[in-house]
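Please read it alongside the sequence and the coordinates.

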Amino acid sequence: MRLVRHLVPALVAGLFWAVPLSAQQTTGSVTGKVVDASTQQPLANVEVAIAGTPYRELTRADGNFTLNGVPAGAQRLRATRIGYGSQIQEIAVTPGGTTTAQISLAPAAAILEPVVVTGYGTQRREAITGSVSTVSAAAANVGVVTNVDQMIQARAAGVEVTRNNGEPGAGVQVLIRGGSSISNSNEPLYVVDGVPIYNEPTEPPGYAAAGTPPLPRNPLNLLNPSDIASITILKDASATAIYGSRAANGVILVETKKGTATGGPSIEYDSYVAAASPAKYLNLVSAGDYKNFVAQQVPIFIADTIACPHTAPGGKIDPNCFNSARGLDPKIQSQLGSANTDWYRAVTRTAVTHNHDLSFSGGSEDTRYRASLNYMNQQGVSLANGLERIQGRLTATHKALNDRMRLGVNVTTSRVNNRYILFENRAGFEGGVFQNAANLDPTQAVNVNDSTYYEPGGNSLRNPVALANQVTDLGRTTRTLANGTAEIDLVPGLTGQVTVGLDYSAGGRDIYFPIASPLGRTLGNGLARVYSQDNQTKTVQTLLTYRRQLGESHSLDVVGGYEYSKFTKNVAMGQGIGFVTDALKYNALDAAGTLRDSTDASESRLVSFLSRANYGYRDRFFVTGVLRYDGSSKFAEGHKWALFPGLSASWHLTQGGVVRGPFSDLRVRVGWGRQGNPGIQPYNSLATLVGGTGATYPWSDVPQAGVIPHNVGNPNLKWEQTTQYNGAVDFGLMNNRLAGSIEYYVKNTSDLLLEVPVPQPAASGTRIENVGKLRNRGLEVTLDALLASRPGLTWRTGVVFALERSAVLDLGPHQFLRSGIVSGQGQSDQWAQRILAPDSITGKTYPLGTFYGPLFLGVDPTTGFQVFACSAAPGHTANCVNGRTTTRGGPAAADYQVIGNANPDFTIGLHNQVNWGKFDVSFLLRASVGQDVFNNTALVWSTKSNALQVKNFLAPALTDGTDLHEPAIYSSRWVESASFLRLQNITVEYALDLPFLTNSARSARLYVSADNLFVITGYSGLDPEVSSLNESDPTDVGLVARGIDYLSYPRPRTFTGGLRVAF
Amino acid sequence: MKRLFVTTSIGGLGLCALLLVPLQGCTDLNETPISSITPSNFFHTEGEVLAALAGVYAGLRNTASEGEYWGVSEVSTDEMVVPTRGSDWYDNGTWLETHRQTWSANSPATLSFVNNVWNTAYAGIARANVLVEALQSTTVPNQAAIEGEARFLRAFYYYLLMDTFGGVPIATTTELKARARATRDSTFKFIESELLAIRPNLPKQWGDTTLLGTKVGRITKGAVNALLANMYINARVFKNEGAGSGISATTYNTCLSVLVSGGKDACQAAIDVADSIINSGVYQLAPAFTDNFSPDNATSPENIFVIKFAAADGLGFNMVMRTLHYNQFTPSPWNGFATLEQTYNAFDPLDRRRKMFLVDTQVNVETGRPATDRKGNPLVFTTTIANVTSATEGEGARIYKWPADPKHVQQNNGNDFAWFRLAEIYLIKAEAELAGGTGSSTPLALLRLVRARAFPGGDTLSAVTNGVILRERLFELNSEGKRRQDLIRHGAFTACWQFKDVTTGTCPRPAALVLMPIPQTQIDANALITQNPGY
């Protein structure tokens, strides 16, 4: 292996020496003008370049350009500009003479940058052979956008972005071409300004007082969307292979804005104010209906108890008879209040967000800079919850040594203050804010009096308004992303580059459950927790790039390099329980009765050798080969290193006249590649011993600290590998007024890293092993059209369409793995989904996200029992009659079956941009069709027996015929079709033409915007779009679960008004 | 020009240097954990060895949990039921599946509770194997006794597996590999030989070290003998492969004529080890029955082998949470486990032990103030449960054998849980004598000895049969995790009882149920494991 390790860079280096240095040539000049083909207006900022050489220039405001010192002879002049199709002209440059060229560019259907960042360098759009989507940052930054993930939603085919919930800055699940892993991370790799970042949570977890703690917020909240210049998404294996081991889930490349020298210094100010409120409220039983319901049930109870004998001592009613009476106790009726409280509305609010961006940029020919400052304060639509961000960014570039050396620095530093509330992703017995809002008796008022909250008094029911206001849960992250780059032209065409990157985040969490809260008292008279977490990534990258036009026909673009990353994480936690006062909160832990603290640390390293060669023949054929050799410390000895190749090719059928007819552009692409997924935690390959409570034993009641084997270790642990095939056709019609691409892919993941049971005895029941196979296949269609292009009106529209099918092909020794824990009271040990191995007889395969449970047939109108399908086969349900059973006898495990599929049949995004005079209008529609969602909220709160515990329930249950005492049973009854169409955003922008502004400002624009204006869906829950969690719960180790809706934080509808001014 | 040349050269050289440096080093990917230990750098000092021993003991805590050996051995019997109370406690039907014995290899209760029994026992075995292996290459004070404790605990974990599943794969090294099941008889012999081998190395009592007090909760000769006594009385069940191959599901499985170590009759062997305990001078019956379960039960002279619990985070006993009503304790208990009416009524009203159940009007057990149900009515527990699939919050008598600890930390109470106490040893001796073994006192005398504190007004028991012994065990050892084992030995496990009757399933249940199924997940993990017959 050592030989191979050094062979790759040696080969790369060898390539450079094989290319002879070019000889001295005589030169000439080229001048000309570029105009818009439809309006004949001059075009500024068009890049005019001599193909295959460093000679390039931007056109001035009058569309003119001049290139000096161009080598004499036949040259190809290329003109490119964002939003226009590129144009190539053959010209002849005479030594010492001046050649003129007139170029007219036709507007293209999509606004696309002509040069694309593809990882460790850039490529001309035409030369790209892999599957790459780009998102225009300017078009996507509309409405309230907190992070880059929100910008790519529905704007790139095959990229599925789901926010965990409606919290400000909520975490997201990004799936590029479906997930490729079952128990591993499905997160794509993020690369900011060329430096890969580890997108781990930067803040420690919350305290799990209400089931699982709130989900971490998005670590990418540190980047201000207004600083983002471009987003590139690498989807297929040939494009992502350059990122090797971390690329199996795709790569998202983010480039930030840089300073420009053209047009002198500029100052921009952008500000908006937004108001948000929940788009939908839980349909709980109102106070009046609740009273009526209780009033109906009381006579049943009285009738039952009136017949009870008085046999208890003292002639009292027989308690056995009394306790088993049906209906509701009159006592419940007598305790109802006189208020009419919608508790769900009581914990939500209209939330205000304001955001201010100030940036200035400028520079000289040699030195350019851009600095920006952002302040954002976003309230959540739930009480006492929000996000505040203060962020600064500085970027500077400098050219030295006659442009042969280029230096660059990017520094982003931000502080994010998160206010969390206690809410449940999955609830335990104690509930958070939303569980209690669903539970609380609607006839009670929020406050008993001005200073006292109503508290139901029961140990598991709390006033949710009080919970939100009394419990403090603050998260904070100070994060700095910094990188410095030095680039030097060594010989013509050969450039060396060194980049050093640092990503440091200091996260913290301060939590206090006060004595004033009944929950705080239950936890032991006040509970305080102070938690800190430091993440640090250091990256060193060295690259050699060789770009050369060889003769007229051949172009070569080679990158070779080395990358080293080291990731460290340190956490420290202190917890105190039992305080005498709430005054100290978490600021004086030593005042607590009992203290506990813990620390943890981990470290991992990744070392890579990488190379990519792109060869082009006359702009007709392109071939790209990629080799990356990665080593990770996380894997077992002997399995640390792996080779990740990629190969792709494209053929431009319209270049060279192979295809004519309607196509202005036609290109086919094929690609193949293999990548890895290292998303496991460090030390999983090692057998380790740990201490902690689980190892402690109190001999003589004195706790003796102990150790226990913790991790079984797996000396064979290796990379999870994904092999992907990609075929695509890109086309343009009517001079590229209609353009698009159709892609088909097959993605096979093998050696799946799965948490599987191991033969016992072993230190733990399971360990991570490489077993199993998963296949994703999909079709992606992107269409862009220029619907109108005439003076005063431009209308561009674009559609992204994706369909994807996943299939589990092999689960090793397992028939199935359970996933998707069902939440709620009485739902322990209930799982909503199974990851199923192919059927051993029929060979039928199942996708990830397959709902599995009893098939619901209806409610028996006479008994009110739920009826399920059953099979009377031996060993199955004993009282299965005519294929029907009730909860009284089953349903038995053998009666469970596939009852739904959480994956959509297809998804569509439709974006439009209309520029009409001084107005710009854009809107984004998003649809997802065919997926099922398990409405866990409805399962738990459609049970009228909640009333027995003086809890509320959902209004539809009033009339659903189910008996008062019937338990909540997971079944197909609660798996609903959740197709939807959402107007994600609509924005109208107006260019102000006020004299006092236009005198000083270059432009001033006012805009109004609406997010999530409407959703059309048949789904009965709050929102059909639910996160697919990989929960960090030990019983559910990262197994994929999709489409489970449990009391998620409400998604807001937001209206925004803003102003952009540039000076 | 010269200046440009110089700067270019320096810049170029600098870049070259940066490019080349990483190729030399920085390909080192060795992994050394910084917040955990690897076995190779541990076990050098007495402290480290004791820490590893504490870890082996710590595995005991799980065995007495609701979804583990204790829960499986109780809820599958007539001692306990977990009724579905409205939306509470349905839990995928696991509790009623366990009570009605409708489990299969892939059913929800098997995949959770029964799987936990397997994993918890084997995790304990794995912990012991690491320590026993390490002790071969280190020297510490008290080494023989420490090794004895580790091997006892390993044997005990194997005993739980043998009791639940029959023969199991036996491993005494840390090597991780698939192993076939040993026969139940070989598993029995392995456990027996381990216990006999280590018994000489263990003290009668741990009271003489300065480090630890008198009731330290470490393994003694008495614990070894108690486990042996239990194994011998169950020898016919434990040494046969299942119903139809030596075990009767419907008649008494006597220890008589089953041969154990040294060719001794199992009944006689049970009497002999019981006598060793009785005559050791270490143990005596506690004056009051309740002394064995109170928060300070570490001082009980009767408890022989206990799981030590402490009122500290993660170290406590949470029985009160399983049984009490939401409003009877803080944090709020779960209002789940109850006993059957037929079981409650089986107690003689004069039997003081019946007070272990809470019935009638209830108080908050911490404050002593009257407790209310969720509606605000006075909380009343009734002995009846009208409908086990839709019970109300007050139905069912509650087990309150281990009272709440005033010093509890959240749900952690300091009551120890005894796996073996002297009263059971008397009952084992009586049962072995009744079966035909020869002992120093009659079965009736032994039972009366145990019953004396329960009937201070005078005991009317006049004759002993197998049925009487099984009932006495129900009264004395109720909720102590012994019921499944006792019912199997007495041929009554698959019989009918409340909520497990003809209306809810075929009853009596199949004889094969005297062994639990091996959870399918374990067979998936180890292809050499075969399922028990009948599943």
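This is a predicted model: local features need pLDDT of at least 70, side-chain atom pairs count only at pLDDT 80 or more; totals for chains, interfaces and linings use all residues.

A salt bridge is taken here as a side-chain nitrogen of Lys or Arg within 4 Å of a carboxyl oxygen of Asp or Glu. By that criterion, the count between chain A and chain B is two salt bridges.

**The interface between chain A and chain B**

- The contact draws on 115 residues from chain A and 117 residues from chain B, and the area buried between the two chains comes to about 9,200 Å², with carbon and sulfur atoms giving 59% of it.
- On the chain A side, the residues that lose the most area to chain B are A:Tyr697, A:Trp699 and A:Pro761, which together account for 9% of what that side buries.
- One of the salt bridges is formed by the side chains of A:Arg596 and B:Asp313, with an N to O distance of 3.2 Å.
- Between chain A and chain B there are also 16 residue pairs in polar contact, counted where both residues are at pLDDT 80 or more.

**A mixed sheet in chain A**

- Five strands of chain A form an open sheet in the order S10-S15-S16-S13-S14, and the pairing within this sheet is mixed.
- Strand S10 (132-136) and strand S14 (195-197) of chain A stand at the edges, and because each has a single partner strand, one side of each is left without a neighbour in the sheet.
- Neighbouring strands of this five-strand sheet are turned by 25° against each other on average, with direction ignored.
- Within chain A, strand S13 (residues 189-192) pairs with strand S16 (residues 251-256) in the parallel sense over four bridges, and the bridge partner of A:Tyr190 in S16(A) is A:Ile252.

**An antiparallel sheet in chain A**

- Four strands of chain A make up an open sheet with the order S42-S43-S44-S48, in which the pairing is antiparallel.
- The edge strands are strand S42 (816-821) and strand S48 (897-901) of chain A, each of which pairs on one side only.
- Neighbouring strands of this four-strand sheet are turned by 45° against each other on average, again with direction ignored.
- Strand S43 (residues 831-836) and strand S44 (residues 850-853) of chain A pair in the antiparallel sense over two bridges, and A:Gln833 has A:Phe851 as its bridge partner in S44(A).

**Backbone features in loops**

- Most residues other than glycine have a negative phi, and most peptide bonds are trans.
- A cis peptide bond, with omega of about 5°, joins A:Gln760 and A:Pro761; A:Pro761 is found in the loop between strand S38 (753-757) and strand S39 (766-770) of chain A, and A:Pro761 is also among the residues of chain A that lose the most area to chain B.
- In chain B, the peptide bond from B:Thr330 to B:Pro331 is cis, with omega near 0°, and B:Pro331 lies in the loop between helix H12 (319-323) and helix H13 (341-346).
- A:Met734 has a positive phi of about 50° although it is not a glycine, and its place is in the loop between strand S36 (720-733) and strand S37 (738-750) of chain A.

Technical notes. Residues are numbered from 1 along each chain as its sequence is written. Chains are lettered from A and ligands numbered from 1 in the order in which they are written. Side-chain values use heavy atoms; hydrogens and water are left out. Contact means heavy atoms within 4.5 Å. Buried area is the accessible area (1.4 Å probe) that two parts lose on being put together, summed over both. A polar contact is a pair of N or O atoms within 3.5 Å; within protein, one must be able to donate a hydrogen and the other to accept it, and residues adjacent in sequence count only if both atoms are side-chain atoms. Two strands pair if DSSP finds at least two bridges between them. Axes are lines fitted to C-alpha atoms, for helices over the stretch in contact, and angles run from 0 to 180 degrees between N-to-C directions.
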